[in-house]
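Here is a short note to go with the structure. Please read the points in order, with the model open beside you.

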Amino acid sequence: MVGVPRQRHLALLVIASYASCLAQQSTKRHSAPRLRRTSPRLCSSTGGFTSDDTTTPRLVAWYDAQLRRHPLRTKVASSGLASAVGDAVAQAVTGGAFDARRCASFALVGAAYFAPILHGWYEVLAARERRWRADGMGRWPSVLLQLLLNQSLGALTVNAGFFFALAVAEDALALDLSVRTLEGARRALGDQYLLVMRANWLVWPLPSLVNLAFVPLRYRVLFMNAVAVVWKTILSLITKGG
């Protein structure tokens, strides 16, 4: 567990500020007048960005094309990158020599654990929303119900599994998988789970609300990965203590 609470508090302040900015930008984007055709714009029929103009940023257009062709593979890559960056930031914050294996472990967890789960989870929530709306539920009640499920069942389950995923990733990279792997994960779960959940409920409700209310389904994992750079810095600080 981290012995530097000031660093955790700093990380939490950063994520709160970042999430607020994301929320403001998303609200402005959805309340603004229609963009000129010379700007990249979201296509409601495809859920992607149109590329009918040469001013569309090449990186955005490339990512959108990959997301349409290979949705899970693209989310795996972006989630792994977000996890690696988050751990690298945590190591930089606490100082000391850079631990490449530790960073690779977090990248592997992001790619092989978080990405597939979030991909499927948001599909499930979207399906439930369509069912609720078809039964007459309003838009905001359905969004808030998704948020409740996300921050209860979703968060409790995914964060518990994280400890086991990280233990398996670390021992797999060290070529030392054994029964001790699960024993160590159980100890970490008992010692750090409540701390992780408290941090989760400080960090995630606002970004999750923005994500579920305004972000198209195909971009929800990407949006969460943007916020998760800082969240995974916090996870790294809690589980590794820098």
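Which pattern does the protein chain follow, read along the sequence?

1. **Overall layout.** The pattern is α-β-β-α-α-α-α-α-α-α. The protein chain's secondary structure comes to eight helices and two strands. Please keep in mind that this is a predicted model.

2. The protein chain has 242 residues, and 43% of them are buried. Take the contacts in the protein chain with a separation of 6 or more: residues 24 or more positions apart account for 72% of these.

3. **Helices α4 and α5.** Two packed helices are described by the angle between their axes and the distance between the axes. For α4 and helix α5 (residues 139-173), the angle is about 155° and the axes are 9 Å apart. Angles over 145 degrees count as roughly antiparallel, so that is the term for α4 and α5. The crossing of α4 past α5 is right-handed. Sorted by class, the residues of this contact are 22 nonpolar, seven polar and five charged.

4. **Helices α7 and α8.** Now turn to helix α7 (residues 205-214) and helix α8 (residues 220-240). They pack at about 160°, and their axes are 10 Å apart. With that angle, α7 and α8 are therefore also described as roughly antiparallel to each other. The crossing of α7 past α8 is right-handed. On the α7 side, the contact is made by Pro-207, Ser-208, Val-210, Asn-211 and Leu-212. On the α8 side, Arg-220, Phe-223, Met-224 and Val-227 take part. By class, the contact of α7 with α8 has six nonpolar residues, two polar and one charged.

5. **Salt bridges.** Side chains of opposite charge can pair when their charged atoms come close. How many salt bridges does the structure hold? There are four. The next points take up some of them.

6. **Asp-87 and Arg-102.** These two side chains meet in a salt bridge, at 2.7 Å from N to O. The pair links distant parts of the chain, 15 residues apart. Asp-87 lies in helix α3 (residues 71-94), and Arg-102 in helix α4 (residues 100-134). Are Asp-87 and Arg-102 buried or exposed? Both are buried. The relative accessible area of Asp-87 is 0%. Beyond its neighbours within four places in sequence, Asp-87 is in contact with Arg-102, Cys-103, Phe-106 and Ser-236.

7. **Asp-64 and Arg-68.** A salt bridge joins Asp-64 to Arg-68, with the closest N and O atoms 3.1 Å apart. Both residues sit in helix α2 (residues 58-69). They are four residues apart there, so about one helical turn separates them. Asp-64 counts as buried because its relative accessibility is 1%. Arg-68, in contrast, is partly exposed, with a relative accessible area of 44%.

8. **Arg-131 and Asp-135.** Arg-131 forms a salt bridge with Asp-135, and the closest N and O atoms are 3.6 Å apart. Is Asp-135 buried or exposed? With a relative accessible area of 58%, Asp-135 is exposed. Arg-131 has 49% relative accessibility, so Arg-131 counts as partly exposed.

Notes:
Residues numbered from 1 in each chain as written. Predicted model: local features only at pLDDT ≥ 70, side-chain atom pairs only at ≥ 80, totals over all residues. Heavy atoms only, no water. Axes fitted to C-alpha atoms, helices over the stretch in contact; angles between N-to-C directions. Parallel < 35°, antiparallel > 145°, perpendicular 65-115°, else oblique. Left-handed = near helix turned anticlockwise from the far one by under 90°. Contact = heavy atoms within 4.5 Å. Nonpolar A, V, L, I, M, F, W, Y, C, P; charged D, E, K, R; others polar. Buried < 20%, exposed > 50% of the residue type's maximum accessible area, 1.4 Å probe, protein only.
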